[in-house]
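Colleague: Please put the model up, and then I will ask about a few of its features.

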Amino acid sequence: MRNNRRGFTLAEMIVTLGIMSLLTLSALPLAKMAVKREREIDLQRSLRLMREAIDSYKKLADEKNITVEEDTEGYPPDLQTLVAGVISRDPQNAAGGKARATEKLVRFLRRIPMDPMTRSYDWGLRSYQDDLDSDTWGGENVYDVYTKSRAVALDGTRYRDW
C-alpha cells in the first residue's frame, strides 16, 4: 500500500522555523533604529515649537506690547505662561486717525509637548541668570529648553545639547 498523505516532515518544519527566526532577529536592529529616528524627529519638532513660542513672547515684550518684569530680559517666567497666555496691547488705528489700543489674550502654545526621550513633560530650562554649564534652573525666566535625557543620538551628539 502506498501512503499518499500530504504535509511537512519534522525536519522541514525545524528548518523553516530556523530561517524565519534568523530573518526576524536580523530585522530587530533596523526596527529599533527606525523607532529611535522617529523619536529624534519628535524631539526636534517639540524643541522647535517651544523655542518659537519663547521667541514670539520675547518679540511682544521687546515691542512693549506685554508687561514684563525688568530682570527677565523679556523672556517668559516659565513654560506654563506660554500655555496660559498673556494680555497683549495691540495698537490699531481707529476712525479719525486716532490710535487706539485693544487688549487681547495671546497664547503661544496649546500645551507643553511631551519629551519623547524621557516620556515626561519635565523639560530642562535655561535662563540668562544661570551659569552656562548649570543643570539646574534658577527660576527667573526661560530663554531656552532642552531634554533631560542623557542618551546619545544616532549622529553621536547628546540629546541635551540639541
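Modeller: Exposed here means over 50% relative accessible area, and buried means under 20%. The model is a predicted one.

Colleague: Is arginine 119 buried or exposed?

Modeller: Arginine 119 lies in the loop between strand 2 (99-106) and strand 3 (124-126). Its relative accessible area is 56%. The cut-off for exposed is over 50%, so arginine 119 is exposed.

Colleague: What is the phi of arginine 119?

Modeller: Most residues other than glycine have a negative phi. Arginine 119 is not a glycine, yet its phi is positive, at about 55 degrees.

Colleague: How many Å does helix 1 reach from its first C-alpha to its last?

Modeller: Helix 1 covers residues 10-62, which is 53 residues. At 1.5 Å a residue, 78 Å is expected. The model comes close to that, at 77 Å.

Colleague: Where in helix 1 does the kink lie?

Modeller: The kink is about 25 degrees. It comes shortly before proline 29, at leucine 28.

Colleague: Which residues of helix 1 are buried?

Modeller: An α-helix has 3.6 residues a turn, so residues three or four places apart point the same way. The buried residues of helix 1 are Glu40, Leu43, Ser46, Leu47, Met50, Ala53, Ile54, Tyr57, Lys58, Leu60 and Ala61.

Methods. Residues are numbered from 1 along each chain as its sequence is written. This is a predicted model: local features need pLDDT of at least 70, side-chain atom pairs count only at pLDDT 80 or more; totals for chains, interfaces and linings use all residues. Side-chain values use heavy atoms; hydrogens and water are left out. Helices (H or I, at least four residues) and strands (E, at least two) are DSSP runs, numbered from the N terminus. The expected span of a helix is 1.5 Å times one less than its number of residues. The bend at a residue is the angle between axes fitted to the seven residues ending there and the seven starting there. Buried means under 20% relative accessible area, exposed over 50%, partly exposed in between (1.4 Å probe, protein chains only).
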